[in-house]
Amino acid sequence: MTISAAALLALWKIIAIDIILSGDNAVVIAMATRRLPNDQRNKAIVWGTAGAVLLRILFAAVIVFLLNIPFVHFVGGLLLVWIAYKVLVEREEEVKVQAADRLLKAIMTIIIADAVMSLDNVVAVAGAAEGHLGMLALGVAISIPIMIFGSKAIVHVMEKHRWIAYVGSGILAWTAGKMMAGDEGVLHWFHLSYGPFVYAVAAGVTILVVSAGYITNKRAEREEGTLI
């Protein structure tokens, strides 16, 4: 089978765009799996990333329609705010029987958060594909190892420096704030353009989520110290 030069060019563009735009998604994977044992972490990364990639390919077919619906970004942003908070404050489970539940929860967190954060990413990738759906699927699939490597590197750093988790949560919260404030329906509602308003909301959401997570974690640490 001969692959045309145009198809190859589309493939390279898809891979490049997906790698550049997937930094936040690597953070999602790292945040969702950082408290799992190594063997379960690898399973969560593989299955979560596989599910996320399948959804990305599916979204590519309907993304233009989705993005034309008012408040889609706003709703997605709200969901991402909750995820940013939950992955920061989740405590270690003491009962090993719940390990399977934690693994499934991590997988679902990766898939859902990646889907929410990938709306704009998929638009860029779908545009780069220029109708080459086979190249679209192949390009997204090739990006998997790069995303996995990035997430594992982030987890390794998090294990040494706990404050990195707050940075990761802040990145997710910032993305969520921009999604909500930058939604076309929201901007039209308030008669605003994409600019200072969006960044102000993103900063406010980031501060709120990180502060709430910090307070919750400190309270939990005090309670654990009292129990001991």
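Reader: What should I know before I start?

Author: Residues are numbered from 1 along each chain as its sequence is written. In this predicted model, local features need pLDDT of at least 70, side-chain atom pairs count only at pLDDT 80 or more, totals for chains, interfaces and linings use all residues, and side-chain values use heavy atoms, leaving out hydrogens and water.

Reader: Which residues touch the most other members in the largest nonpolar core?

Author: A nonpolar core is a set of buried Ala, Val, Leu, Ile, Met, Phe, Trp, Tyr and Cys residues joined through side-chain atoms within 4.5 Å. Buried means under 20% relative accessible area, exposed over 50%, and partly exposed in between (1.4 Å probe, protein chains only). Here the answer is Leu80, Leu172 and Val209, out of 24 residues. Helices H2, H4, H5, H7, H8 and H10 each supply at least two residues of this core; helices are DSSP runs (H or I, at least four residues), numbered from the N terminus.

Reader: How many salt bridges does a search of the whole structure find?

Author: A salt bridge is a side-chain nitrogen of Lys or Arg within 4 Å of a carboxyl oxygen of Asp or Glu. The search finds one, between lysine 218 and glutamate 221 (3.7 Å, N to O). These two are three residues apart in helix H10, so about one helical turn separates them. Lysine 218 is partly exposed, at 32% relative accessibility, and glutamate 221 is also partly exposed, at 25%.

Reader: Where does leucine 192 lie?

Author: Leucine 192 is in the loop between helix H9 and H10, and counts as partly exposed at 38% relative accessibility.
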